[in-house]
Amino acid sequence: MTQPTDPDLEELLRFIRDARGFDFTGYKRSSLTRRIRKRMADIGVAEYPDYQDLLEASAAEFGALFNTILINVTGFFRDEESWAHLRDTVLPELLLGLDADEEIRVWSAGCSSGEEAYTLAIVLAEVLGVEQCVRRVKIYSTDVDDEALRRARLGTYPSKAVENLPAGLVEKYFEPQGDAVSFRTDLRRRVIFGRHDITRDAPISRLHLLVCRNTLMYFNVEAQQAIVDRFTFAMNDRACLFLGKAEMLLADGNRFEVVSMRHRMFRRRGGTVPRPLSPSRPVRTIAVPEDGDRQRNVRDLVLDTAPNAIVAVDMAGVLIQVNGQARALLGMGPSDVGRPFRDLEISYRPLELRSLIEQAHDTRRPVRVNAVERRIAADEVQYLDIVVQPLIAIDGELLGAGIAFIDNTLFTQLQQEVKRSREELETTNEELQSTNEELETTNEELQSSIEELETTNEELQSTNEELETTNEELQSGNEELETMNEEMRIRGDELGEARTFLEGVLSSVAAGVVVLDAHLRVRSWNRGAEELWGLRAAEVDNEDFFKLDFGLPTAGLATLIRDCVAGRSRTGPVDVAAVNRRGRAFTCSLTCNPLNSADGGVVLLMEPADQG
């Protein structure tokens, strides 16, 4: 039952066709509505006119819409049993009818991202051998999705795409590239990808094999019939048509015979398009008798009473013979004999015969055109098969052409009646097929959604693995930091013990001990120095020794101390007049010892001279 159309949807489809050249008007409205509504829901648009306004404003939205409508569900050797039947049965039989060097032309219509086209290349290479395949085969692969065609031309796929193929095929026909595989270069050059709309564009011609799988099911009955008409024109006689498992040719028994209904393979019947006779067929010659009038009369009588209408035209283009059936069927008379054939209505109506006569003369072979329609009354049509036969004498001289008009009206009318009856009987089957195609379309959409979810899941899993790896790296770094911290703590303890020990030693020395660094700043000031001079260690720490104000006249000691630092040798002792912390004058004995460290420095030993 035909569903009512939505005027807003039809207007949107016309806009898309006029704006971008994508004609979706032949697509089934149920699946088309579902896909467009899905895109509208994704971006939060409720009505078709609003979505059309968005398309007018945003060119990028066209790409997102086309990616939603054009469901690219494909794979290598999808429906493996059908591909095996093509390889083992159909192709060997097809190749038997071809010459050894004849080019093999194949068309993959609706090729999506190229897996089907490369599967065809593999199958043909397995049957012919790689070398013969590279030399003889051309595979034309077309689609309306430019993005899918871009991926197809690259010929590179994730390794997951070939994981279900036999290892031998993968090794033979694919080259690894990291996490991906690339189809072998020599065969990839035999696959030609291009944009083509099977509903509008002229088909590729002279085909031996046409593969269009799970594409027709998206179109309505009228569009499917137009597409099959184009396919029929494109295919040679006895060429094979390979469809998807949800598609059938129910109303085309007169053009296609079934090869395998299970695998949806059909063969084009021969004779539906005018073709020259085979060169191996002998050309009929006419001998000019040289005996008497009796034989001539018999010959003329046989010609005149022949059951088909026959006329003859000589090499000058003059009508020289009209038999009885021609006079009755075509309304010609004796007065027409001797007239230029081009002046007679029969030369151009119902068919242009002059070009066919020239073709018969040039090729010296008969030319036949079937089912030519001739209207003899307003409501009456006659169907004629017309055969133009070159007349060749025994010595090879071309004498003219004989034209036979065979009345096949009854047969053609019966054939049309049979076709109409068959179409009526198959209407129910078409509706069932349409339902099956709808289910298959829904299944394709579900599979596409599943693949999207699987991709998202793989991305999440990959992110989780990266987080786990980062966590392990952080844990490892934390453990290293803990180890380093423990070592630092141990070294700190050891350093503390050493410092405590050193401070204890310095505290035990009664004399004043002062340690200066290379810049002559105070680094250590022991208890003896505090008792002697009255300055605490905290007050002098890191201070310039020569700027300290205490009872020792440091200015006079600068040369002594700097010589010790520079020469890294002991100087002194020297006696210096000084004042202790109680203000009493005394003589201080000062000794300078170089500090044995990487940065250098000096150790000053100070004590009253009377204790020396």
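Is Arg-34 buried, partly exposed or exposed? At 32% relative accessibility, Arg-34 counts as partly exposed. Buried means under 20% relative accessible area, exposed means over 50%, and partly exposed lies in between (1.4 Å probe, protein chains only).

The model is predicted: local features need pLDDT of at least 70, side-chain atom pairs count only at pLDDT 80 or more, and totals for chains, interfaces and linings use all residues. Residues are numbered from 1 along each chain as its sequence is written, and side-chain values use heavy atoms, with hydrogens and water left out.

Start with charge. Side chains of opposite charge can pair when their charged atoms come close. The structure holds 34 salt bridges. A salt bridge is a side-chain nitrogen of Lys or Arg within 4 Å of a carboxyl oxygen of Asp or Glu. Arg-34 forms one with Glu-445, and their closest N and O atoms are 2.9 Å apart. Arg-34 sits in helix H2 (residues 29-43) and Glu-445 in helix H16 (residues 427-508), so the pair ties together parts that are 411 residues apart in sequence. Helices (H or I, at least four residues) and strands (E, at least two) are DSSP runs, numbered from the N terminus. Glu-445 counts as buried, at 7% relative accessibility.

Another bridge joins the side chains of Asp-146 and Arg-195 (3.9 Å, N to O). Asp-146 belongs to helix H8 (residues 146-154) and Arg-195 to strand S6 (residues 191-195), so this pair ties together parts 49 residues apart in sequence. Asp-146 is partly exposed, with a relative accessible area of 44%. Arg-195 is partly exposed too, at 36%.

Now turn to Arg-267. Where is Arg-267 found? The residue is in strand S10 (residues 265-268). At 11% relative accessibility, Arg-267 counts as buried. Its side chain makes a polar contact with the side chain of Glu-93 (3.1 Å). A polar contact is a pair of N or O atoms within 3.5 Å; within protein, one must be able to donate a hydrogen and the other to accept it, and residues adjacent in sequence count only if both atoms are side-chain atoms. Glu-93, Arg-238, Glu-257 and Arg-267 are linked in a network of salt bridges.

Both faces of S10 are covered. Met-265 and Arg-267 on one side, and Phe-266 and Arg-268 on the other, are all buried. Strand S8 (residues 235-243) runs antiparallel to S10, joined by three bridges. Cys-240 stands opposite Arg-267 there. Two strands pair if DSSP finds at least two bridges between them. Strand S9 (residues 256-260) also pairs with S10 in the antiparallel sense, over four bridges. Val-258 has Phe-266 as its bridge partner in S10. S9 and S10 form a hairpin with four residues between them, and Arg-264 in the turn has a positive phi of about 55 degrees.

Seven bridges join strand S19 (residues 585-594) to strand S20 (residues 601-608). Cys-588 has Pro-608 as its bridge partner in S20.
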